[in-house]
Amino acid sequence: MKLRYLIPALAGCLATAPVQADEACGDVVIAEMNWASAAAMAQIDKIILEEGFGCDVELVIGDTVPTFTSMVEKGEPDFAPEIWVNSVREPLDAAVSEGKILIGGEVLKEGGVQGFWIPAALAEEHDLKTVADALARPELFPGAEDGTKGAFHTCPPGWDCGPISENLLRAYGALDGGFEIVETGSAAALDGTIARAVERGEGWIGYYWGPTALLGKYEMTLLDFGVPFDAQEWARCTSVPDCQDPKKNGWQTGEVYSLAAAPFAEKAGVAMDYVTKRSWDNATASAVLAWMDENQATSEDGAYFFLESFPDVWTAWVSPEVAEKVKSAL
């Protein structure tokens, strides 16, 4: 069952008009997920629902699989602001079919972007637009243990992007054509390799994703794989560790939605309407995350920064009446 078919059927309350305030909002429990963009959105939701709609909001710590499982089995928490649904595709389809979960709005408008990135200045200087363009120039990407090869920086051990990246590198002939995979031990270490390269004006290529604080701070270019995303090939080989015959493929865009437990969706009224309405783009999310990183700010601080700095974004999610209440609270 495809997600795009579920939205019209199960989230029909998604409105084109701003959401109005309602006296019957009641108690709402929101999962504050353990990554920055989702945590910030949870805090944004808390402020808007409390100040604009009069809800009584509680935040609980969450992570993708345990939060999703609890929502299905126990009907709690009420909703998760940001779930990358590709990671729970099959159980999500089943939970939706059984009426246990409703899918809210697409919280990241462009989806979660993933793939091979290089510094924007390097891309412009050498006219590098595609993966093939960059992989043809290993001399531009120092850092490999073998100084005669280019360095491709992969994601931390245990992440599925590692085997996917290796399969794609083999499909494009990079590992036989002058590149070596350089492993990073953590997301912070991966960020560090990018920061050093950009600040020194050096070349860098590797796996990365957005939105992140780093993409809000540094200008990076997402390379075009030169072929459309093929879902069948992705399932057959691209995403399968140690696949023997990988072929060129695009990178699957992450579908990132809010999920609501059925009991909440049935009774929440205005709160559920709001959950299906609000969405932001990756550039805005990355800008907020960059501000949080530079100021060592909490997700709550980031929420207030967003509400104060990007009113043109969030006021489109609510009615003028609700917007004024939130602005007054700020």
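Trainee: Why is Cys-237 called buried?

Mentor: Its relative accessible area is 0%. Buried means under 20% relative accessible area (exposed is over 50%, partly exposed lies in between, with a 1.4 Å probe and protein chains only), so Cys-237 counts as buried. Keep in mind that this is a predicted model, in which local features need pLDDT of at least 70 and side-chain atom pairs count only at pLDDT 80 or more, while totals for chains, interfaces and linings use all residues. Residues are numbered from 1 along each chain as its sequence is written, and side-chain values use heavy atoms, with hydrogens and water left out.

Trainee: How do you know that Cys-237 and Cys-243 form a disulfide?

Mentor: Their sulfur atoms are 1.8 Å apart, and a disulfide is a pair of cysteine sulfur atoms within 2.5 Å, so the pair qualifies. Cys-243 is buried too, at 9% relative accessibility.

Trainee: What makes the disulfide of Cys-237 and Cys-243 left-handed?

Mentor: The torsion about its S-S bond is about -115 degrees, and that is why it is called left-handed.

Trainee: How many disulfides does a search of the whole structure find?

Mentor: The search finds 2. One of them joins Cys-155 to Cys-161, with 2.2 Å from S to S. This link is right-handed, with 135 degrees about the S-S bond. Cys-155 is buried at 4% relative accessibility, and Cys-161 at 2%.

Trainee: What makes helix α7 mostly covered?

Mentor: Of its 11 residues, 8 are buried; among them are Cys-161, Ile-164, Leu-168 and Ala-171. α7 spans residues 161–171 (helices are DSSP runs of H or I with at least four residues, strands are runs of E with at least two, and both are numbered from the N terminus). The cover over its buried residues includes β5 (113–119), β8 (206–210) and α10 (231–238), where contact means heavy atoms within 4.5 Å.

Trainee: Which residues form one aromatic cluster?

Mentor: Tyr-208 and Trp-209 are in it, and its other members include Phe-116, Trp-159, Tyr-207 and Trp-251.

Trainee: What is the make-up, by class, of the lining of the largest pocket?

Mentor: The lining has 21 nonpolar, 12 polar and 6 charged residues. Here Ala, Val, Leu, Ile, Met, Phe, Trp, Tyr, Cys and Pro count as nonpolar, Asp, Glu, Lys and Arg as charged, and the others, Gly among them, as polar.

Terms used: Rings of Phe, Tyr and Trp (its six-membered ring) pair if their centres lie within 6.5 Å; planes under 30 degrees apart count as stacked, over 60 as edge-to-face and the rest as tilted.
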